[in-house]
Amino acid sequence: MLCLGIETSCDETALALVEDGIVRGHVLASQSDVHALFGGVVPELASREHYRFLGTLFDELMSKVNPSNDIDVIGVSRGPGLLGGLLTGVAFAKALAFGLGARLIGIDHLRAHLLVAGLDVNLPFPSLGLLVSGGHTQIYRMDAPASFSLLGRTLDDAAGEAFDKVGALLGMSYPCGLIFDKVSKRGTPDNKLFSKPYLNNDNLDFSFSGLKTAASQYYLQNFRDKFPQIHFDNDLSKVPQAICDFCASFTLSLVETLVEKIKRALDYYPDVKSLVLAGGVAANSTLREAMEKLMRERKGHLFVPPPKHCTDNAVMIAYSTWRLAQIGYCHDLDMTTIPKGTPIPEDMKTC
Ligand code: KG4
Ligand code: ZN
């Protein structure tokens, strides 16, 4: 079964072909240069760039792979994301499905981030899924490729957003996560500097905006005048030690909060023995080490997709398409597109 995946939910235009669970090819055009000028993604510009690139990228993918079989299923990110970008991808997918007589499946972008962990390994179900990205921080119980339950989510900032906002204040360029990680590794964390936010409850939700504000205030009061311009370029040895320690403390507080909530989820669901960690922040070295340690202690398993499949990509969409199509699911051509903040309906039908 040959499945095409299309991803246009944010600032990457990407397409991939997965055949019977194996990646046949993928193409991606990043718009980060366009948006870097504005310090964040500009939705209208993103839609225009998707519109500009989709056709060319599709041709490029088809000539690269030169598949001998017709495309059976077309899967597309239907949400959550920026509505204009999603609509561009969904309109393209529907037209293609109609023209080729292929099946259409609208893919939940967030579930796809987690499901792609099963691309190269046999992912067990049930598993817990922790999705940590620039826009989302969510815990799922994953019972099957088509059966996910949302157990917890951030009430305000996402984990990546917290790294990005504090990093930007320090003078790091957007997105700040990777450089924040490297600077943190040079520091010694003080686990009393910042508290672990939103643990005094019994739920699995997160709230990172207080931690972000506390870190910002601390920086403004203690470091802004002392270190007016910090250079985060190639030579990180020039970053003041106090700043490295500050970053390490912030990272520790955020990571330990994520770990505490996952511990809690494992306690609430003792039948679950594995954890999938996905999304851009899954690349964070402190987070990975902490989750590996936790799952070792719990005699369970941690699954983390490779970095290229943690950030937005179309392989995760094509792979999820294949997993769902295998079970026999599809959508009609009137499938809706779902912007961020609106729940994705369970409206797949059996074809
Ligand atoms: O999943 P992703 O590529 O895009 C979406 O947000 O959908 O995630 C990007 C986020 C950014 O906030 C970025 O700063 C963060 O992931 N990130 C990291 C690291 N690498 C990327 N955060 C912490 N540590 C990292 N090593
Ligand atoms: Zn994403």
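## The largest pocket

The largest pocket has a volume of about 1,200 Å³. Its lining comprises 41 residues, and those closest to the centre are Ser133, Gly134, Gly135, Asp164 and Tyr174. By class, the lining of the largest pocket holds 15 nonpolar, 18 polar and eight charged residues.

This is a predicted model: local features need pLDDT of at least 70, side-chain atom pairs count only at pLDDT 80 or more, and totals for chains, interfaces and linings use all residues. Residues are numbered from 1 along each chain as its sequence is written, chains are lettered from A and ligands numbered from 1 in the order written, and side-chain values use heavy atoms, with hydrogens and water left out.

## Terms

A pocket is an open set of points on a 1 Å grid over the protein atoms alone, where a 1.4 Å probe fits, with protein on both sides within 12 Å along at least five of seven lines; lining residues have an atom within 4 Å of a point. Points are joined across faces, edges and corners, and a volume is the space filled by probe spheres set on them. Helices (H or I, at least four residues) and strands (E, at least two) are DSSP runs, numbered from the N terminus. Ala, Val, Leu, Ile, Met, Phe, Trp, Tyr, Cys and Pro count as nonpolar, Asp, Glu, Lys and Arg as charged, and the others, Gly among them, as polar.

## Ligand 1

Ligand 1 takes up the space of the largest pocket (more than half of its atoms lie within 2 Å of the grid points). Its shell has 19 residues, the closest being Gly134, Asp164, Gly177, Gly280 and Asn284 (a heavy atom within 4 Å). Seven are nonpolar, nine polar and three charged.

Polar contacts are pairs of N or O atoms within 3.5 Å. A backbone N or O atom of Gly134 lies 2.7 Å from a ligand 1 oxygen. For Gly135, a polar backbone atom is 3.4 Å from an oxygen of ligand 1. Asp181 places a polar side-chain atom 3.0 Å from a ligand nitrogen. Alone, ligand 1 exposes 550 Å², and the protein buries 85% of that (Shrake-Rupley method, 1.4 Å probe).

## The second largest pocket

The second largest pocket holds about 670 Å³ of space. Among its 36 lining residues, Asp108, Leu110, Tyr140, Pro343 and Ile344 are closest to the centre. H4 gives the most to this lining, with four residues.

Notes. Polar contact = N/O pair within 3.5 Å; in protein donor to acceptor, adjacent residues only side chain to side chain.
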